[in-house]
Amino acid sequence: MPPSRRYDLFALVLLACAAPSASAQEVPLDAGAVKAAILTETNAYRASKNIPELQENAALEAAATAYAVYLAEHEKMGHTADGKNPPKRVSAQGYKYCFISENVWSSFRHPQTMLTEELARKAMDGWKKSPGHNANLLQKRAHEIGIGAAGWKLDGGQDIFRVVQVFATECPGKQRSKPWIVKTLGTVDTLR
């Protein structure tokens, strides 16, 4: 076999090994609608407690969305599953914070339809029932929010969903050397 064909064959084999399996794929999800529903419910919940509403921030949304996609695609959960913590993910988006916290939610389901409203409601219900997540939802030091949502179809036919909320306050030029984070645990909701 000529050397050029050997390299072509080698490249083809490498590409096949690096590509995701044919059955693993993103689940169609109206992430924008999920984010909007969660933002609306978060701000309504804060208003019911006389806490100012949060403003959307593009950098926080980029960090939350990228992390939600990573968690769904890799079937991971937690606040450091990608080897980074929330401050590192947010800083990578150019956001200079003086306060930051994060909520992460997970759901598995068998192949069936889950409506956007149901996904948002289940995430919010889970966070409200968890003391640490609830504290993040009602955190008075947080002024801005970014929300990410992603879905991924697993090889066995189940779908996995991840939703991430990042709460923060921007302090340009005043980033702390040691980030102050409200520590929380992610919640897992299994739908059957």
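**Close-up views of the predicted model**

**View 1. Ile145 is buried, at 1% relative accessibility.** Buried means under 20% relative accessible area, exposed means over 50%, and partly exposed lies in between (1.4 Å probe, protein chains only). The model shown is predicted: local features need pLDDT of at least 70, side-chain atom pairs count only at pLDDT 80 or more, and totals for chains, interfaces and linings use all residues. Residues are numbered from 1 along each chain as its sequence is written, and side-chain values use heavy atoms, with hydrogens and water left out. Ile145 belongs to strand E4 (residues 144–153). Helices (H or I, at least four residues) and strands (E, at least two) are DSSP runs, numbered from the N terminus. Leaving aside residues up to four places away in sequence, Ile145 touches Leu39, Thr42, Leu54, Gln55, Glu56, Asn57, Leu60, Gln165, Val166 and Phe167. Contact here means heavy atoms within 4.5 Å. Glu102 is 43 residues from Ile145 along the chain, with 9.5 Å between their C-alpha atoms.

**View 2. The whole protein holds six helices and seven strands.** Along the sequence, the pattern reads α-β-α-β-α-α-β-α-α-β-β-β-β. Of the 192 residues, 44% are buried. Among contacts with a separation of 6 or more, 79% join residues 24 or more positions apart.

**View 3. Tyr67 and Tyr70 form the one aromatic pair found in a search of the whole structure.** Their ring centres are 6.5 Å apart and their planes meet at 5 degrees, so the pair is stacked. Rings of Phe, Tyr and Trp (its six-membered ring) pair if their centres lie within 6.5 Å; planes under 30 degrees apart count as stacked, over 60 as edge-to-face and the rest as tilted. Both tyrosines lie in helix H3 (residues 58–73), three residues apart, or about one turn of the helix. Tyr67 is buried, at 1% relative accessible area. Tyr70 is partly exposed, at 24%.

**View 4. Charged ends sit over the rings of Tyr67 and Tyr45.** The charged end of Arg89 lies over the Tyr67 ring, 3.5 Å from its centre. That of Lys128 lies over the Tyr45 ring, 4.6 Å from its centre. A charge sits over a ring if NZ of Lys or CZ of Arg is within 6 Å of the ring centre and within 35 degrees of the ring normal.

**View 5. Helix H2 (residues 31–48) packs against helix H5 (residues 116–129).** Two packed helices are described by the angle between their axes and the distance between the axes. For H2 and H5, the angle is about 40 degrees and the axes are 9 Å apart. Axes are lines fitted to C-alpha atoms, for helices over the stretch in contact, and angles run from 0 to 180 degrees between N-to-C directions. H2 and H5 are therefore oblique to each other. Angles under 35 degrees count as roughly parallel, over 145 as roughly antiparallel, 65 to 115 as roughly perpendicular and the rest as oblique. The H2–H5 crossing is right-handed. A crossing is left-handed if the near helix is turned anticlockwise from the far one by less than a right angle, and right-handed if clockwise. H2 contributes Ala33, Val34, Ala37, Ile38, Glu41, Thr42 and Tyr45 to the contact. H5 contributes Thr116, Leu119, Ala120, Arg121, Ala123, Met124, Trp127 and Lys128.

**View 6. Asn43 lies in helix H2 and Asn50 in the loop between H2 and strand E2 (55–56).** Asn43 is buried, at 11% relative accessibility. Not counting residues up to four places away in sequence, Asn43 touches Glu53 and Leu54. Asn43 and Leu137 are 94 residues apart in sequence, yet 8.8 Å apart in space, C-alpha to C-alpha. Asn50 is exposed, at 73%. Most residues other than glycine have a negative phi. Asn50 is not a glycine, but has a positive phi of about 60 degrees.

**View 7. Arg162 is buried, at 2% relative accessible area.** Arg162 belongs to strand E5 (residues 159–170). Thr65 is 97 residues away along the chain, and the C-alpha atoms of Arg162 and Thr65 are separated by 9.6 Å.
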